[in-house]
Amino acid sequence: METRAIRIVVADKQTIFREGLSNLLSKEPDLEVVAGAADGQEALKLASELKPDILLLDFATPIYSAIDVLRRLASHGKRIRVLVLATAQERARISEVFRLGARGVVLRESATEVLIEAIRSVVKNTYWNENHEAGDLEVVFRELAEPEAKAARPKTFGLTPRELEIVSAIVSGHSNRQIAERISISEGTIKHHLTNIFDKLGVYNRLELALFAIHH
């Protein structure tokens, strides 16, 4: 028995890009592009009428963005697998499209390399995150959270925990004697730590150190 082809609606604001993707997908025997849309409103209309297996949707489609389309599909109870095409600049909002029901995200710059695999993966009811398959939403959100967590970590510039503690105390206006009493080490050890800190950060005195710490 012959397997039915995966039916796809391609929605992208750029005609050349949209037609290029359609031609690429149509060359695959198990894929069929049934329509194309230039904006989110048209994409929503075609998705509702044609009920494709996949709605391939540009993140920044005119009139209705991908986020708008996903919200409207959800409010109308439409169960259409949406695969969003995004740029690197839109990564900060990728988690939002997953929360609204998207099954996957593919970066536009790598679309021709991974798109076919992503479509086949999403049809199997898995998720797709940029360039690889993700089993479920928990995996997707964990992967999306990792870069944010790394970005949120303060930079240490090679300083040890003890050196960071001393920098913090200096920014708070404490003298070497006060810092020594506070962390129970000698003033001589504090001076030794300060020499190492100055060398690592490329500063020459306590004022420059405080300004560097505040700035960074």
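I63 sits in the loop that joins β3 to α3 (66-75). The model is predicted. The backbone of I63 has a positive phi of about 65°, although the residue is not a glycine. Is I63 buried or exposed? Its relative accessibility is 54%. Exposed means over 50%, so I63 counts as exposed.

A second residue with positive phi lies in another loop. K51 is found between α2 (40-50) and β3 (54-58). Phi of K51 is near 50°, again in a residue other than glycine. The relative accessible area of K51 is 57%. With the cut-off for exposed at over 50%, K51 is therefore exposed.

Now turn to a pair of helices. Helix α7 covers residues 161-171, and helix α8 covers residues 176-183. At what angle do α7 and α8 pack? The angle is about 130°, and the axes are 10 Å apart. The crossing of α7 and α8 is right-handed.

Which residues make the contact? From α7 come R162, E165, I166, A169 and I170. From α8 come I179, R182 and I183. Sorted by class, the contact of α7 with α8 has five nonpolar residues and three charged ones. No polar residue takes part in the contact of α7 with α8.

Technical notes: Residues numbered from 1 in each chain as written. Predicted model: local features only at pLDDT ≥ 70, side-chain atom pairs only at ≥ 80, totals over all residues. Heavy atoms only, no water. Axes fitted to C-alpha atoms, helices over the stretch in contact; angles between N-to-C directions. Helix = DSSP H or I, 4+ residues; strand = E, 2+ residues; numbered from the N terminus. Left-handed = near helix turned anticlockwise from the far one by under 90°. Contact = heavy atoms within 4.5 Å. Nonpolar A, V, L, I, M, F, W, Y, C, P; charged D, E, K, R; others polar. Buried < 20%, exposed > 50% of the residue type's maximum accessible area, 1.4 Å probe, protein only.
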